[in-house]
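I opened this model to look up its nonpolar packing and its aromatic rings. My notes are below.

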Amino acid sequence: MLLVTAGNDKIKEGEYILLEFGRWHIGSLENLFEVSLTDDDVILLMKDGVLVPCSSNEEIKVEFDIKRIGKEEKLRAIEAYRQWKFEE
């Protein structure tokens, strides 16, 4: 699972699970590092079960790190993403 250390004036610095980054999402087979953002794209993060949507126009300090998370946490992240995506 890809964890992001993010922070800006609106987002508390810490580790977040990356759920969506432009056209890439948590269930995508696409290579995240080949995705480029447009002005209207969403970056969706999750920390402690709380979803944090950001605009690609926002300046966010980001450090990517790939770490393993447990199966239950991954399933919770996927379910939270699906609920958010279909509620849009």
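These entries cover the cores, then the rings.

**Ground rules.** I am working from a predicted model, where local features need pLDDT of at least 70, side-chain atom pairs count only at pLDDT 80 or more, and totals for chains, interfaces and linings use all residues. Residues are numbered from 1 along each chain as its sequence is written, and side-chain values use heavy atoms, with hydrogens and water left out.

**Cores.** I looked up the largest nonpolar core and found twelve residues, including Ile-11, Tyr-16, Trp-24 and Cys-54. Such a core is a set of buried Ala, Val, Leu, Ile, Met, Phe, Trp, Tyr and Cys residues joined through side-chain atoms within 4.5 Å. Buried means under 20% relative accessible area (1.4 Å probe, protein chains only). Strands S2 (14-21), S4 (42-47) and S5 (50-55) each supply at least two residues of this core. S2 gives the most, with three residues. Strands are DSSP runs of E, at least two residues; helices are runs of H or I, at least four; both are numbered from the N terminus.

I then checked Ile-11. Leaving aside neighbours within four places in sequence, Ile-11 is in contact with Tyr-16, Val-52, Cys-54 and Ile-60 (heavy atoms within 4.5 Å). Apart from this core lies another, of ten residues, among them Met-46 and Tyr-81.

**Rings.** I found one aromatic pair. The ring centres of Tyr-81 and Trp-84 are 6.2 Å apart and the planes are at 35°, so the pair is tilted. The cut-offs: centres within 6.5 Å, using the six-membered ring of Trp; planes under 30 degrees apart are stacked, over 60 edge-to-face, the rest tilted. Both residues lie in helix H1 (residues 71-87), three residues apart. Tyr-81 and Trp-84 are both buried.

Terms used
Buried < 20%, exposed > 50% of the residue type's maximum accessible area, 1.4 Å probe, protein only.
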